[in-house]
Amino acid sequence: MDRNQEIALTQMRKSVEKLGSSTESYGEKTLMRFLIARSMDPEKAAKMFCQWKKWRAEMVPLGYISDSEVADELAAEKLYLQGLSKSGHPIMIVKVNKHFPSKDQVQFKKFVIHLLDKTIASSFKGREIGNEKLIGILDLKNITYSNVDIRGLITGFQFLQAYYPERLATCYLLHMPQFFVTIWRFVCRFLDKATQEKMRIVTSEEEKEEFIREVGEDVLPEEYGGRAKLVLMQDVAVNY
């Protein structure tokens with residue numbers, strides 16, 4: 001860590017205290033995520049950190065969302081957790097053709113928290129370091145208009161941006177049908193520049209080869225060019 005980062009961290013901690021909160025029990029790597037997300041501005045990072053702590057206390061009072069709380073969403077068997085990529089990032093796959101917009105938005109938000117928390121937790125054994133990132137794969141194969149969930153997509157990405165800063169390494173979109181292109185452009189209006197730069201729409205053979213190379217054949221399921229089997233998220237055990 002360079003001198004400027006150390007100064008920014010010290011200033012951020014002081015700003016958090018001024019806002020009536022504390023950074024105690026949070027390591028440098030966790031705090032740095034908030035600083036990076038706010039262009040190394042200590043006051044803005046402190047505000048974001050305090051908002052995140054308040055949000056976690058309200059939405060996740062136990063520190064995690066259990067499988068039983070999101071049983072209906074998990075029953076659709078649309079989420080898979082594949083282990084770690086070549087670069088050490090946990091890989092989450094969403095089969096969008098098994099997803100249908102939720103009528104209960106509070107429940108859906110809990111589900112988003114569950115899938116993000118569990119994916120991140122699957123990347124470490126023991127204690128969280130604080131700078132873990134995930135790879136998301138959205139498989140749009142065989143989707144119809146009934147699977148399209150604009151609100152759900154926006155909620156997921158806004159959660160990532162506001163409450164999981166610097167947690168996304170890359171998000172790959174596979175098998176995007178023509179009708180979804182306009183929908184995706186609309187969703188992108190709600191994504192900040194940093195998030196948009198992490199999106200990869202895979203279409204050409206060259207892009208597919210790069211996707212397989214970056215993720216890794218050992219953990220990528222066979223249907224995507226790898227050698228692994230799909231693993232349902234609820235079949236993966238993690239320690240929160």
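Where is E77 found? E77 lies in the loop between α4 (71–75) and β1. The structure is a predicted model, in which local features need pLDDT of at least 70, side-chain atom pairs count only at pLDDT 80 or more, and totals for chains, interfaces and linings use all residues. Residues are numbered from 1 along each chain as its sequence is written, and side-chain values use heavy atoms, with hydrogens and water left out.

**Loop residues with positive phi**

Most residues other than glycine have a negative phi, and most peptide bonds are trans. E77, a residue other than glycine, has a positive phi near 50°. M40 is likewise not a glycine, and its phi is positive at about 65°. The loop that holds M40 runs between α2 (28–37) and α3 (42–59). Helices (H or I, at least four residues) and strands (E, at least two) are DSSP runs, numbered from the N terminus.

E77 touches K98, L232 and Q234, residues up to four places away in sequence not being counted; contact here means heavy atoms within 4.5 Å. The C-alpha atoms of E77 and M233 are separated by 8.2 Å, although the two residues stand 156 residues apart along the chain.

**Accessibility of selected residues**

The classes rest on relative accessible area: buried means under 20%, exposed over 50%, and partly exposed in between (1.4 Å probe, protein chains only).

| Residue | Relative accessible area | Class |
|---|---|---|
| C50 | 16% | buried |
| C188 | 16% | buried |
| Q161 | 17% | buried |
| K110 | 24% | partly exposed |
| M40 | 32% | partly exposed |
| E77 | 37% | partly exposed |

**The sheet**

Five strands form an open sheet in the order β1-β2-β3-β4-β5, with mixed pairing. Two strands pair if DSSP finds at least two bridges between them. Because β1 (79–84) and β5 (199–202) stand at the edges with a single partner strand each, one side of each has no neighbour in the sheet. On average, neighbouring strands of this sheet are turned by 20° against each other, direction ignored; the axes are lines fitted to C-alpha atoms, for helices over the stretch in contact, and angles run from 0 to 180 degrees between N-to-C directions.

The pairing of β1 with strand β2 (residues 90–95) is antiparallel and extends over four bridges. Within β2, I93 stands opposite Y80. The two strands β1 and β2 form a hairpin with five residues between them, and G88 in the turn has a positive phi of about 90°.

Helix α5 (residues 105–121) contains 17 residues and reaches 24 Å from its first C-alpha to its last, close to the 24 Å expected at 1.5 Å a residue. That expected span is 1.5 Å times one less than the number of residues in the helix. The helix is mostly covered, with 13 of its 17 residues buried.

K110 is found in helix α5 and is partly exposed. Leaving aside residues up to four places away in sequence, K110 touches I65, E69 and V70. K110 and S204 are 94 residues apart in sequence, and their C-alpha atoms are 35 Å apart in space.

**Q161 in helix α6**

Which residues does Q161 touch, not counting residues up to four places away in sequence? They are M48, F190, L191, D192 and T195. Q161 has its place in helix α6 (residues 150–163). A polar atom of the Q161 side chain lies 2.9 Å from the backbone nitrogen of D192. A polar contact is a pair of N or O atoms within 3.5 Å; within protein, one must be able to donate a hydrogen and the other to accept it, and residues adjacent in sequence count only if both atoms are side-chain atoms.

**Cysteines**

A disulfide is a pair of cysteine sulfur atoms within 2.5 Å, and by this rule the count comes to zero disulfides. C188 is in no disulfide, the nearest cysteine sulfur being that of C171, 10.0 Å away.
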